[in-house]
Amino acid sequence: MSNLDWANLAFEYIRTDYRFIAHYKNGAWSAGNLVENNQLVLHEASPALHYAQQCFEGLKAYRCKDGSINLFRPEENAKRLQKSCQRLLMPPVPEELFVQACTQVVKANEKWVAPHGFGATLYVRPLVLGVGAGLGLQPAKEYLFVVFCAPVGPYFREGVRPANFIVSEFDRAAPNGTGAAKVGGNYAGSLLPAKLAKEQGFSDCVYLDPATHTKIEEVGAANFFAISKKSGAFVTPYSPSILPSITRMSLVHLAKEYLGLEVVEGDVFIDSLHEYSEAGVCGTAAVIVPVGGIFYKDKLHVFYSQEQAGPTTQKLYDTLVGMQFGDLDAPQGWVLKVS
Ligand code: PLP
Ligand code: COI
């Protein structure tokens with residue numbers, strides 16, 4: 001086991017021992033292998049560098065009480081990466097190659113998976129890059145599939161404490177753009193809005209739907225949900241321009257099947273925040289962070305509390321995290337034991 005301050009890890013790059021790399025050339029992916037070098041040498045005219053022909057994923061490995069290690073729903077990340085690849089005319093990484101690469105990377109870096117009980121995890125970052133000489137605006141002819149990992153703590157400074165967000169005047173995605181794909185270009189555009197939000201004391205910004213600017217879409221690095229005051233329903237935006245979060249997909253199931261809540265995938269109007277008793281953001285890096293308040297039109301709308309998670313958000317958190325760390329039984333197929 002590595003000698004890190006597991007309780008105080010941030011969400012930052014820490015070099016681990018091995019990463020996986022496979023090449024796509026002449027119409028086929030290589031089998032790939034683990035390497036120690038953490039530097040990539042790329043052609044200066046690589047389409048990934050000029051035209052953002054690249055996409056990525058994020059998933060985590062969790063240390064269980066018995067010392068074994070879980071990956072959470074890696075097949076879903078594999079499927080989403082394939083969709084991102086298709087959107088950018090990149091050759092999809094076969095699901096089997098994806099899962100095997102993530103498994104190998106976690107196993108090889110086992111000593112970087114935090115002990116159970118610290119809340120820290122090993123974040124696994126798969127990426128696909130269009131490489132080789134390509135000056136005109138055309139898809140690359142060659143690609144790299146890389147999987148590296150780093151031990152991480154909470155993404156938002158607040159951890160599980162409520163965080164405040166501000167509605168951005170910028171859009172994260174266009175109505176028929178690439179919002180539903182996990183592509184770097186979406187994130188480059190969100191750096192400035194996030195910086196402005198942080199300068200004003202918020203954790204990040206909330207993006208509204210790009211067509212009408214009346215409905216919440218998501219935040220820069222996580223999906224959004226709220227709990228209806230009237231019915232107790234779990235409500236989460238449905239939109240073709242948000243990233244379909246695997247955490248959110250899991251919460252939809254847990255809300256329905258474990259908490260017995262009605263689930264509504266539909267509109268959350270920014271003018272109707274008073275209809276919700278709780279709100280939260282969810283994602284692999286973010287896990288679940290309760291939304292303390294949302295600042296919109298010169299007013300901070302406070303949900304449950306600025307101090308603690310609401311009861312439904314807390315139950316969802318405990319159930320999800322309990323399953324990820326192996327303390328609770330997860331639905332069939334959600335957890336892949338890698339060691
Ligand atoms: N939305 C955005 C923009 C994200 O970057 C992420 C992170 O992956 C999510 C939502 C959450 O998705 P997931 O739960 O699959 O990590
Ligand atoms: C994740 O949650 O895995 C993400 O990719 C978000 C990223 C901006 C850290």
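Domain bounds here come from an automatic or database domain assignment. In this predicted model, that assignment gives domain 1 as residues 6-152 and domain 2 as residues 163-324.

**First selection: the two domains.** Colour residues 6-152 and 163-324 separately, as domain 1 and domain 2. Their C-alpha centres are 26 Å apart.

Select the residues in contact across the boundary: domain 1 contributes 19 and domain 2 contributes 21. The size of an interface is often given as the accessible area lost when the parts come together. Between domain 1 and domain 2 the buried area is about 1700 Å², and carbon and sulfur atoms account for 62% of it.

Select residues 74-87 for H2 and residues 95-108 for H3. Two packed helices are described by the angle between their axes and the distance between the axes. For H2 and H3 the angle is about 130 degrees and the axes are 9 Å apart. H2 is therefore oblique to H3. The crossing of H2 past H3 is right-handed.

Which residues make the contact between H2 and H3? On H2, show Pro74, Glu75, Asn77, Ala78, Lys79, Leu81 and Gln82; on H3, show Glu95, Phe98 and Val99.

Methods: Residues numbered from 1 in each chain as written. Chains lettered and ligands numbered in written order. Predicted model: local features only at pLDDT ≥ 70, side-chain atom pairs only at ≥ 80, totals over all residues. Heavy atoms only, no water. Axes fitted to C-alpha atoms, helices over the stretch in contact; angles between N-to-C directions. Helix = DSSP H or I, 4+ residues; strand = E, 2+ residues; numbered from the N terminus. Parallel < 35°, antiparallel > 145°, perpendicular 65-115°, else oblique. Left-handed = near helix turned anticlockwise from the far one by under 90°. Contact = heavy atoms within 4.5 Å. Buried area = accessible area lost by both parts, 1.4 Å probe.
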